[in-house]
Amino acid sequence: MNSRAYITTPIYYVNDRPHIGHAYTTTICDIWARATRAMGTDVFFLTGTDEHGVKVEKSAAARGISPQALADENAAEFQRVLATFALTNSDFIRTTEPRHTTQVQAFLRKLVASGAVYLGTFEGWYDEGQEEYHTENRARELNYKSPISGKPLVRASEQNYYFRLSAFADRLSQHYADHPGFVRPAERCNEMLGRMRDGLQDVPITRTNFSWGIPMPDAPGHVVYVWIDALLNYVTALGLGSDDVSTNGRAHYWPAQYHIVGKEILWFHAVIWPALLMALELPVPRCVYAHSFWIADGQKMSKSLGNFIDLPTIERYTTTYGLDAWRWYMATQGPIAATDSDFNAKHFHETHTNDLVNTVGNCPSRVGAMIGKYFGGILPGDAEQGGSWPSRCAGSVEKWERAMAAFDLVGASRCAMDLLRQVDAMINETEPFKLAKDPANAARLASILNQCAQVVRLAGVLLEPFLPIKGRELAMAFGGVPDAGTPWDSRRTYGVLAEGTPIAKVALFPRVDRPIESVPATPA
Ligand code: MSP
């Protein structure tokens, strides 16, 4: 892993209220950012809001307010949500901020000057809801309907500025060939390659039919297409490449290690964006990672069905189970791979019970209780020096580190859980409560409990990015060492708890009686 890394979420449309989709993408990025920071990497984690475009203009008009007022209101809501989810983003960018708009204009001037952007006429199949054009082939594949809203695609033509995407076909293919992990998971990469084989058409990047956007420099009446404006957020936030904006000392974070996006916006990120960067002579991101979708109780979530897991619903879960349990469910049961995941109250409840109550909660509580009972809450010494644990733990930690670096959050979570399960197994096999009955076993008992405590502490370290609140409680109970600033080399190592360290009993995850009733899909 590099000494610094940059991870981004998509920037969210302000004409929507925050819902599980936004919470999900941001939470998985947060877990990665926390884990990667823990390993000693300087991580810049960006999220923000996408505030221009015809949809925002229309929603604002419908409410009789200005688009800026609507954007302000909803951007504030997104920021409030970040605060309640304890997300550790380094910055929050809004595309109506001057630091963004002036740089977007500077980038567009460069693109015009280099010939990558030109004025021309375009005709194509347009998805009005997504503000996206499709090629003839793709439109036919889609049955001339929006894959998102199901509404018919319309035939549209405009005089516009175009981005010469076609000119980058070879360089893009070469890039994909040279960097097999550029788009992940592999299924999604193949999908992009397939679509690229259909041919790349130049992309209109300005609009004249509305005004809520960044004015195209030197082209009165043209505003920059919202997607081009939005994609550039990843570099404007770093103050990159613009001659007219003073740098903000963040340019060294580029290129991004990970752009985490949903599968429906992958084309923009995996094809248009790298081509734009190539045109701007900037390095392309290392990996664009596309997750799949949450569905609700077996049904696609949609505004018209009214079954979106919205903020009030999420808050019922976080109040009942706690924020960490929410994060755990997002990270371990979510659609991080190529298939969709079903959000379901019963499944949430079972995951909470099995993983968090019965394992992450129960194991440290057993170990803490026995150290309390047999050693007065003070860690006894281990004459066996950890037995096979130091090497087993080192193996698990390395696996966790590799999984995290590869954005395999599920794999990383399993490494931590496995350690706790192994502790449980050791307790079940060695039966310390029986050994305790005979003073002749005192040394063996001390070793077992020392080893259990060492492993629990270490598992807590590996769990902390997922469970920041409970992970900290666990760290405080097992040694009480404040972790901030402690080098990773010592945190990741078996056996750092010295004999004599106070160990407290913790009850991390109280049992919850019954599942929250699933949200019925009621038409909005
Ligand atoms: N504004 C664009 C992104 C521009 S990035 C340069 C956009 N915004 S969005 O508000 O629609 O948010 C999209 C994010 O939420 C995507 O990552 C998307 O995949 C995620 N989700 C929206 N619904 C979702 C689910 N049902 N499940 C999981 N995530 C989904 O697109």
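## Close-up views

**View A.** By class, eight nonpolar, two polar and nine charged residues form the lining of the second largest pocket. Nonpolar here means Ala, Val, Leu, Ile, Met, Phe, Trp, Tyr, Cys and Pro; charged means Asp, Glu, Lys and Arg; the others, Gly among them, are polar. The model is predicted, and local features need pLDDT of at least 70, side-chain atom pairs count only at pLDDT 80 or more, and totals for chains, interfaces and linings use all residues. Residues are numbered from 1 along each chain as its sequence is written, and side-chain values use heavy atoms, with hydrogens and water left out. The second largest pocket has a volume of about 370 Å³ (the space filled by probe spheres set on grid points, which are joined across faces, edges and corners). Its lining consists of 19 residues, and those nearest the centre are Arg138, Pro147, Ile148, Lys263 and Glu264. Two or more lining residues come from each of β5 (132-134), α7 (186-197) and α10 (266-279). Of the elements, α7 gives the most to this lining, namely four residues. Pockets and cavities are found on a 1 Å grid over the protein atoms alone: in a cavity a 1.4 Å probe fits but cannot get out, a pocket is an open set of points with protein on both sides within 12 Å along at least five of seven lines, and lining residues have an atom within 4 Å of a point. The elements are DSSP runs numbered from the N terminus, with helices being H or I of at least four residues and strands being E of at least two.

**View B.** The largest cavity has a volume of about 300 Å³. The count of cavities of 30 Å³ or more comes to three. Around the largest cavity there are 20 lining residues, with Tyr133, His134, Thr135, Val203 and Trp267 lying nearest its centre. The elements β5, β8 (203-204) and α10 each give two or more residues to the lining. Ten of the lining residues are nonpolar, four are polar and six are charged.

**View C.** The second largest cavity has a volume of about 100 Å³. Its 16 lining residues include His22, Thr26, Phe78, Val81 and Leu82, which lie nearest the centre. At least two lining residues are supplied by each of α1, β2 (42-50), α3 (67-84) and α11 (311-321). Eleven residues of this lining are nonpolar and five are polar, with no charged residue.

**View D.** Helix α1 (residues 20-38) and helix α14 (residues 389-405) cross at roughly 130 degrees, and their axes come within 10 Å. An axis is a line fitted to C-alpha atoms, for helices over the stretch in contact, and angles between N-to-C directions run from 0 to 180 degrees. The two helices, α1 and α14, are therefore oblique to each other (under 35 degrees counts as roughly parallel, over 145 as roughly antiparallel, 65 to 115 as roughly perpendicular and the rest as oblique). Their crossing is left-handed (the near helix is turned anticlockwise from the far one by less than a right angle; clockwise would be right-handed). Ile31, Trp32 and Ala35 of α1 make the contact with Trp400, Met404 and Ala405 of α14, where contact means heavy atoms within 4.5 Å. The six residues of this contact are nonpolar, with no polar and no charged ones.

**View E.** Helix α14 packs with helix α15 (residues 409-430) at an angle of about 160 degrees, and their axes are 6 Å apart. α14 and α15 are therefore roughly antiparallel to each other. The crossing of α14 and α15 is left-handed. In α14, Trp389, Arg392, Cys393, Ser396, Lys399, Trp400, Ala403 and Met404 meet Leu409, Gly411, Ala412, Cys415, Leu419, Gln422, Val423 and Met426 in α15. Eleven of the contact residues are nonpolar, three are polar and two are charged.

**View F.** Helix α13 (residues 345-375) and helix α17 (residues 442-463) pack at an angle of about 145 degrees, their axes 10 Å apart. The crossing of α13 with α17 is left-handed. Residues of α13 that meet α17 include Val360, Cys363 and Pro364, and those on the α17 side include Ala442, Leu445 and Ala446. The contact has 16 nonpolar residues, no polar and no charged.

**View G.** The peptide bond from Arg184 to Pro185 is cis, with omega near -10 degrees. Pro185 sits in the loop between β7 (183-184) and α7. A cis peptide bond also runs from Trp254 to Pro255, with omega near 5 degrees. Pro255 is in the loop between α9 (233-236) and β11 (258-262).
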